[in-house]
Amino acid sequence: MFDLHVHSSFSPDASATMEEAVISALDKGLKELCFTDHIDYDYPDMDIHFNLKYDLYFDTIEKLQEKYKDKILIRKGIEMGLQPHVLEKCRKDIEKHNFDFVIGSVHVVEKKDLYNSDYFDNRTQKESYELYFEELHYMISHYQEYNVLGHLDIIKRYGGFNTPLPLEEFKGHVISILKKIIADGKGIELNTSGFRYNLGDYHPSLDILKIYYQLGGEIITLGSDAHRPGDIAFAFDNAIRDLHDLGFKYICSFDKMKPIFHKIITLL
């Protein structure tokens, strides 16, 4: 199994070292692990800095690659937080460094963090969702330096609403985004953290994953979005079965930004 969304202490919202994450991955029998620590330029919370010291980041990964080369494949990744005004800076980062895998994510809309409730102030739930998806569509229309979109429907996690907005209320936005991703040769991740946050579904939901499959989407990765070693590969057995039941034949890992397709049937 392969976990392609893992954070370490290089992210300010995680505390475990990279080696602790590797040891946990080995304990769980993973064949491959990709570190995807945060970059989020111009993050609105001035007390949190989602920036990386790239030299130290890569050096740490490379040392672990050498130490554990006979036990697990460790990839160099990043979770790039996208906002319209930082896309060129993000692009230069990706072009400059030799990543295996890049997740493109949106955590901030109109310079307001989705985690903080002020984004949802004076907006209905539907208005909040629509603006998020509109901005996400803008991002993928003006930025290509990524492999998969992270937690596509993360908006449902926040806002303090009693239940997520029904898919029918924003389905058109989702279809437009998925069609664009497929046309550009990009993919999405199945992020299992939705169950950790008691949402009762993945990011994106099974219904969105079904639409992606029906539209012809083939590039899909598994990611726990782990910020603690114990969360690595969280709910992966269920996730791989659900992908198989939806009709997907492969999951992907990435090497030097190129997808590698693995038959799901061999992972069941």
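Tutor: Within β10, Leu-222 is the bridge partner of Leu-190. This is a predicted model, in which local features need pLDDT of at least 70 and side-chain atom pairs count only at pLDDT 80 or more, while totals for chains, interfaces and linings use all residues. Residues are numbered from 1 along each chain as its sequence is written, and side-chain values use heavy atoms, without hydrogens and water.

Four bridges join β10 to strand β9 (residues 187-191) in the parallel sense; strands are DSSP runs of E with at least two residues, helices runs of H or I with at least four, numbered from the N terminus, and pairing requires at least two DSSP bridges. From β10 (residues 220-223), Ile-220 and Leu-222 point one way, Thr-221 and Gly-223 the other, and all are buried (under 20% relative accessible area; exposed is over 50%, partly exposed in between, with a 1.4 Å probe and protein chains only).

Helix α3 (residues 87-96) may be read likewise. Its buried residues are Leu-87, Cys-90, Arg-91, Asp-93 and Ile-94. The face turned away from them carries the exposed Lys-92, Glu-95 and Lys-96. Covering the buried residues of α3 are, among others, α2 (54-67), β4 (73-81), β5 (101-105) and α4 (125-142).

Cys-90 counts as buried because its relative accessibility is 0%. Its sulfur lies 17 Å from the closest cysteine sulfur, in Cys-34, too far for a bond. The structure holds zero disulfides (pairs of cysteine sulfur atoms within 2.5 Å).

Note on methods
Contact = heavy atoms within 4.5 Å.
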